[in-house]
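Keep the viewer open as you read.

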Amino acid sequence: MSFIDSLRVAIDSLSAHLLRTVLAMLGLIIGVGAVITLLAVGRGSQDDVQRNIRSLGVNLLTVRPGAPSTGGIRAAAGSRPTLTYEDAQAIAAPGGVDNVGAVSVEQNIGIQIVVPGGSNFATQAIGTDEFYSIVRNTPLASGEFFYEDHLRTNAMVVVLGSNIAQTLFGSLDAPIGQQVRLSLGRTGATFTVIGVMSSRGGTALGNLDDRVLVPITTMSRTLVRFRAPTGIFVSTINVQTTHPDTMPLVAESIGALLRERHKVTEDDFQVQSQQDAMEAAAGVARTQSVLLGSIAGISLVVGGIGIMNTMLVSVTERTREIGIRRAVGARQRDILMQFLVEAILVCCVGGLLGAATGIGLSMAVNGREILGQTMHARLTPDAVILSLLVSIGIGIFFGFYPAARAARLRPIEALRYE
Amino acid sequence: MNCKTIIRVRDLTKSYRLGDETVYALAGVSLDVAEGEFVAIMGASGSGKSTLMNILGCLDRPSSGVYELDGVDVSSMADDDLSTVRNQKLGFVFQSYNLLPRMRAVEQVMVPLIYSNALDREARAIEALTRVGLESRIHHRPTEMSGGQQQRVAIARALVTNPSVLLADEPTGNLDSRVSEEILALLQRLNEEFGVTIMMVTHESDIAECATRTVQIGDGRVVGDHPVEARRRARHEVAVAPPRASADATSSVGTITAAAPAAGSV
């Protein structure tokens with residue numbers, strides 16, 4: 001029996017039970033569709049993350065306290081503070097490190113922001129310096145940013161994130177010149193709003209629109225009220241390099257300078273490039289999409305079981321046909337082939353329909369806002385090809401048992417089957 | 001007619017284990033059938049005649065004994081080889097026709113040819129359908145045909161591979177007497193004019209008289225074996241009565257005679 005004959009028999013038998021065939025395929029259609037859509041959405045969000053990180057600043061090196069670790073992800077948070085505002089100033093100072101552009105520090109603390117009217121908001125305050133807006137690539141929506149003077153004089157000024165401005169004052173312009181109170185536990189002070197940052201939207205690192213910015217020196221003096229002998233602790237020093245190619249060199253020089261300043265031989269800080277952060281974030285996104293894909297993959301397995309079930313019913317129903325075919329000369333392998341081809345055909349058609357569903361769904365979802373988040377889906381041919389191959393595999397795997405059962409039927413018993 | 005032995009059976013047994021007991025469905029059957037014979041196998045139900053037919057048809061294996069078909073020992077053949085024997089040397093006609101559902105007559109007859117990878121399937125199927133007088137029903141499906149027509153499709157399917165032996169298991173069991181006579185007449189003509197060797201199971205002596213020899217089976221043994229003294233001609237002429245059936249019957253007779261020189265024998 002040739003393959004063409006098997007195919008013809010399979011098509012005849014499947015079209016004779018069209019509804020059953022479609023129902024058997026349904027699980028697979030949904031499974032393949034889901035896998036393709038989720039992989040596309042996963043890829044899309046991976047792109048989003050990368051775009052976000054890139055938008056946070058270019059040619060950026062990030063220095064954080066704590067021993068370095070492999071893979072770009074720190075094993076533990078809450079490393080002992082070692083970096084100071086003075087370290088940052090030393091890096092930026094002429095003769096400190098070559099090929100360095102702007103250098104900016106960040107220190108996050110949780111605070112409560114209170115407006116005289118009475119409304120208040122719990123959020124994060126970022127203690128930073130006058131270079132933040134350059135390094136973070138974030139322009140102002142209104143007002144002005146810190147000056148060097150503000151830092152030197154511990155000025156009681158604050159720059160609000162766009163969300164905070166909107167929530168507390170109703171617009172991005174209204175807060176300028178207004179007074180707000182920032183409190184941290186029992187301490188607190190009144191600040192004058194001098195600027196509002198433009199909106200950035202949510203990023204992989206949290207929503208910066210919800211933050212408020214205060215000079216790092218002011219934060220240390222009026223809110224944290226602690227100053228170590230070595231200087232003002234910061235959680236991050238962002239260093240902009242003059243050119244992407246100089247990044248490894250600059251990272252090296254920063255390392256040497258900080259080791260000297262901290263008087264250590266083992267690094268008590270780590271220097272991460274934007275590239276590292278991107279890879280780490282992309283890794284997280286990839287893990288996420290693999291996870292989603294695997295969940296969708298479960299539906300593929302369920303679809304396969306559906307097909308096996310239908311094939312078993314079909315074999316039982318056609319026991320007599322099997323007997324007749326065996327009587328007129330079909331060998332076991334002919335029967336095996338007939339039912340296997342049938343299962344694979346169902347899976348191929350189901351896989352193709354599923355791929356069409358997945359592609360359609362991905363295109364429908366792309367760029368649309370769902371639950372307040374703009375979805376991005378990027379279809380890649382490998383996901384489509386992979387799901388098609390997997391469906392054929394499912395056809396072979398789940399079709400084999402029913403087909404083998406059909407082939408093993410004894411001719412006389414099959415002929416006698418009512 | 002030549003006297004070549006086509007079926008040679010010696011001490012054939014078939015036993016089943018039923019609990020601790022061994023039950024013999026066949027308790028030592030020996031039988032020779034020459035090419036061109038038309039043998040009716042008779043016996044009460046439970047006598048073992050169906051078991052014998054299943055073994056002769058290579059659908060089942062004997063527990064012991066020898067079965068040579070066309071000079072080849074088939075009693076210990078592998079499953080795949082038995083399939084090939086069924087395909088090439090045997091043709092089956094069942095009481096319940098056993099056609100495949102939904103298929104057109106010509107496709108039904110082509111099924112055995114699929115498994116022998118024959119090339120000119122459609123032409124050979126049409127030729128076989130013509131031989132049984134169904135050239136006007138080639139594209140009909142089982143549901144569109146009478147019982148007699150369906151049985152003739154089954155006979156065409158059995159003949160299409162030019163088998164050495166045609167095995168018919170109560171081929172008229174589901175048919176009324178008029179159509180039964182038609183089918184018997186067809187089998188007689190196939191036997192006489194094309195030299196097809198036929199083994200037919202029946203429990204009606206009336207039908208057995210259309211054969212050239214009857215073999216009686218009882219309790220798993222051959223209890224009687226004799227030629228038919230006065231062979232009865234199946235009365236297919238009876239079928240001439242209603243006008244439509246008469247057209248059918250005469251056309252079938254005419255075709256067989258006309259096709260005889262061209263088709264050749266087994």
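Helices here are DSSP runs of H or I with at least four residues, strands are runs of E with at least two, and both are numbered from the N terminus. On that basis, chain B of this predicted model has eight helices and ten strands. Of its 266 residues, 56% count as buried. If you look at the contacts in chain B with a separation of 6 or more, residues 24 or more positions apart account for 70% of them.

Now zoom in on one helix of chain B, α4, which covers residues 121–131. Which of its residues are buried? They are Arg121(B), Ala125(B), Ala128(B), Leu129(B) and Arg131(B). These residues span an arc of only 155° around the axis, and therefore sit on the same side of α4(B). Just past the end of α4(B), you will find Gly133(B) with a positive phi of about 80°.

Is Ser391(A) buried or exposed? Its relative accessible area is 0%, so Ser391(A) is buried; the cut-off for that label is under 20%.

Finally, bring both chains into view. At their interface, 25 residues of chain A are in contact with 23 residues of chain B. The two chains bury about 2,100 Å² between them, with 52% of that area on carbon and sulfur atoms. Three residues, Ile324(A), Val328(A) and Ile412(A), supply 25% of the area that chain A buries against chain B, more than any other three.

Twelve residue pairs are in polar contact across the interface, and the salt bridges between the chains number four. One to display joins the side chains of Arg326(A) and Asp79(B), at 2.8 Å from N to O. On the side of chain A that touches chain B, α1 (3–16), α10 (319–327), α11 (332–365) and α13 (411–416) each supply at least two residues. The largest share, six residues, comes from α10(A). By class, this side of chain A has nine nonpolar, six polar and ten charged residues.

Notes:
Residues are numbered from 1 along each chain as its sequence is written. Chains are lettered from A and ligands numbered from 1 in the order in which they are written. Side-chain values use heavy atoms; hydrogens and water are left out. Contact means heavy atoms within 4.5 Å. Buried area is the accessible area (1.4 Å probe) that two parts lose on being put together, summed over both. A polar contact is a pair of N or O atoms within 3.5 Å; within protein, one must be able to donate a hydrogen and the other to accept it, and residues adjacent in sequence count only if both atoms are side-chain atoms. Ala, Val, Leu, Ile, Met, Phe, Trp, Tyr, Cys and Pro count as nonpolar, Asp, Glu, Lys and Arg as charged, and the others, Gly among them, as polar. Buried means under 20% relative accessible area, exposed over 50%, partly exposed in between (1.4 Å probe, protein chains only). The arc is that of the directions from the helix axis to the C-beta atoms.
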